[in-house]
Amino acid sequence: MTLLNIENLTVEYPSRHGSFKAVSGANLALEPGEIHGLVGESGAGKSTVGAAILGLLEAPGHISSGEITLRSRAISGLDSAAMQSLRGKTISMIFQDPLTSLNPLIKVGEQLTETIITHLGVSQQQAHQRALDLLDRVGIPDPALRLNQFPHQFSGGMRQRVVIALALCSEPDVIIADEPTTALDVAVQAQILDLIKDLAAERQVGVILITHDMGVIADTTDRVTVMYQGQVVETGPTKTVMGQPQHPYTQSLIAAVPRPQVKLRRFSQVSYGGRDTRFAIEDLARNWPKATPSDGPLLSVRNLTKKFPIAKSLIPGRSKWLTAVDDISFDINSGDVFGIVGESGSGKSTVARLISGLYPLNGGTVHFDGALVSDPKDKAAQQNFRRDIQMIFQDPYSSLNPRMRVLDIIAEPIRHHTTRNSHDLTPRVHELLDQVGLGKSAAAKYPHEFSGGQRQRISIARALATQPRFLICDEPTSALDVSIQAQILNILKDLQDHLGLTLLFISHDLPVVRQMCDRVAVMKQGKLLELQDTQALFTTPKTAYTQELLGLMPRLDGLSTQGLDLR
Amino acid sequence: MVSFLIRRVLQAGLVLLVVGLVAFSMFNFVGDPIDNMLGQERTQADIDRLRAQLGLDQPFVIQYWTFLTNAAEGNFGVSYRQGRPVSEIIAERAPATLELATVSALFAMSMGVILGIFTAIRRKGVLAHVIMSASLIGVSLPTFLIGILLIYLFSVELDWLPSFGRGEVTQVGAWSTGFLTSSGLKALVLPSITLGLFQMTLIMRLVRSEMLEVLRQDYIRFARARGLSERTINFRHALRNTLVPVITVTGLQLGSIIAFAIITETVFQWPGVGLLFINAVQFVDIPVMAAYLMLISVMFVTINLIVDILYVAIDPRLRT
């Protein structure tokens, strides 16, 4: 018997300007023990489906038509008391970010027992025992000690295990997992997905796995439903949908997934639905100053070291320090894309910040184009260096000042670094905006009026404003959808090809690194483990850690190769 | 944790030393007390005698040291105006102000938190809108006007509550309290409301906005998805997370309740240290002013120290 059935579901958000249909006419059937993937880009309505099942739609959103049934019993349209008794008891939910889904001020044990008592009505002691069993079940070592700790004392992966334990408190029949591994490292992601697979098999729980990650879908799910702009465009067994996608949207979505095995000339973009992907690289290249190539590496880093205090003490000797970057040296040649990969906490972002001077060094030197630029006393050298080096940050939402117009955001570095008067500034900004494909009209707007991909284009325009020679890209696409990711990565490739820019590319996403980089450094716990040409690193890794990382990449063997721009 | 506490106590001590210096320098820079104390008929011998008696002929550093050591023992010298030890005068007046401040702080905190939670949870309700609009009036009216309005309504028109003074007080050791008699309690009502109204609205608005912010957080959504009851979510999960910023502001506000009780004390003829301070300023009674300054700064510093400790008690993330 079908466990959960969604029939013709339509969710509407009424507003002054008419009603917005977040989901229209969606169908989905979930069997016991099945992991059902729900995939699509942001805004496709997949999270809305999850919220609608639990009756957690944000007002004024509501189910305007259709029916959700659980074991043939209608659950859409139940009153709030009946819905509350269902939530957590029969249907549980796991959220994306384990860092924010636990109350930071309440002990993990208390959060577990209060949930258990709410649903099972057992005594405090029985609840405590059950909490112990649950933590043990989700693979948290030493549960008795862990129950007495606060969420901040757990790592990201451990917290997501706690969240799963919370979702399991009352033996639910259905678990809705909304991007459960997006915020986690690859290694941890694999463990959490294994745990979810085990639970589904062992307890016949039906799991709806909402994600934008094709790799996760291919590795984990039994069936998959693809959503696009609120509508289900394709559904079927995962192997069939991934291997022979029928709908043109699914085809272009799969083509846009970065492949770990083959190197492509360009990233394939999601073409479905007519998107503006224009990027006027030729215009940009015409007025770009030709740098005189010098001998030797463009950027040379020696014995870079950074320590952060983790426990301060009045007695200096008793303060504890974390060595975030430990004696790292490397060279980046002019025109190269140099990648740094590693898990979170490996120190890769710290390296970027040390090079750009955002953090003061605790040791080591940075040379740019043969000149020492890491001496804090040499202001002139630093000033010149800063014009030549620009950064693109991970989060396009927080890296643009929300109270500044795009015009001022892009003009700011020009004002700071050149003597251009404000007369010439506006045409220059307009030119840049045209070149990154946003158009002149964008100058008068504020950042919140743009989507994530458009904001990242604004960041790129800002970075190009001073005509730099070196770009630091710190996880530039990890907050973006697969289709937008392809656009941004292609822009970066163009910058390297046509303008001769040198890139430092930091990422945890190995397939992307394989496509982007010429040479790759692997970091772990602040140390540089190995440094190789990309091809060599992926085929003959030198260290066990790199092998392990490569082994955790999604295989994606069954994925359709239709529409790929093979070299 | 221990090093954190030691650091904070050392900082508090430093603040008190600086305030002590300011208080002390008043003796040298705000007028010549001898002029004020002796009338027109003074002789040079009178002046010299009084100068020596008050220790004003000593060098600066020695005077400062004497001031500090005496202050540490609670001895602030003799009031120029009343000719009595300042500590005695303050001890007489302090209970009135402290009782008023305590009652109005309790009123401000309890009502502020309760109304703040209410207006946050029933954000769209009619009553919440009424409270929010009324609170705007509370913030915009000056304290003395509220006091006068309350006196007019409850003392003059309705004749329910006294309009001035502390009522009957009972002596408990050195402390004179108004808590033990009904007239003393009645007398507290109007001045406490007058003094606490502004702080109450402030706390209420702060709790409301913090609460709305917290209710949007993921862990509240997750708590709801786990099927916890609304009451558990609001009071157990949300309220605790609003407390840290609320405590910061409340701590600072409590200090100002004590420090700025002057207006309320004037309106209600309340025999507290505020009134004493006003009189002292008028007569350039420097020992009283200095003692008052020290007293207020000790309270501010103590309250802030308690606030810092409370942070750590509430937020486990600060303990490591």
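Which elements of chain A do the buried residues of α4(A) pack against? Before selecting anything, note that this is a predicted model, in which local features need pLDDT of at least 70, side-chain atom pairs count only at pLDDT 80 or more, and totals for chains, interfaces and linings use all residues. Residues are numbered from 1 along each chain as its sequence is written, while chains are lettered from A and ligands numbered from 1 in the order in which they are written.

**Helix α4**

Select residues 124–137 of chain A, which form helix α4; helices (H or I, at least four residues) and strands (E, at least two) are DSSP runs, numbered from the N terminus. At 1.5 Å a residue its 14 residues should span 20 Å, and the end C-alpha atoms are 20 Å apart, which agrees; the expected span is 1.5 Å times one less than the number of residues.

Now colour A:Ala127, A:Arg130, A:Ala131, A:Leu134 and A:Leu135, the buried residues of α4(A), where buried means that 20 or more other C-beta atoms, placed from the backbone, lie within 10 Å of the residue's own. They cover an arc of only 135° around the axis, which puts them on the same side of α4(A); the arc is that of the directions from the helix axis to the C-beta atoms. An α-helix has 3.6 residues a turn, so residues three or four places apart point the same way. To answer the opening question, these buried residues pack against α3 (108–120), α5 (143–146) and α6 (156–167) of chain A. After α4(A) comes A:Gly139, with a positive phi near 80°.

**The side facing chain B**

Show both chains: 25 residues of chain A are in contact with 21 residues of chain B, contact meaning C-beta atoms, placed from the backbone, within 7 Å. On the side of chain A that touches chain B, α2 (80–86) and α3 of chain A are the elements that give two or more residues, and α3(A) gives the most, with 4 residues.

**The six-stranded sheet**

Next, display the open sheet of 6 strands in chain A, ordered β16-β17-β18-β13-β19-β20 with mixed pairing; strands pair if DSSP finds at least two bridges between them. Its edge strands are β16 (389–392) and β20 of chain A, each pairing on one side only.

Zoom to β19 (residues 519–524) and β20 (residues 527–533) of chain A, which pair in the antiparallel sense over 6 bridges, with A:Met523 opposite A:Leu528 in β20(A). The two strands form a hairpin with 2 residues between them, and A:Gln525 in the turn has a positive phi of about 45°. Finally, select β13 (residues 337–341) of chain A, which pairs with β19(A) in the parallel sense over 4 bridges; here A:Phe338 has A:Arg519 as its bridge partner in β19(A).

Note on methods. A residue is buried if 20 or more other C-beta atoms lie within 10 Å of its own, exposed if 12 or fewer, and partly exposed in between; C-beta atoms are placed from the backbone. Two residues are in contact if their C-beta atoms, placed from the backbone, lie within 7 Å.
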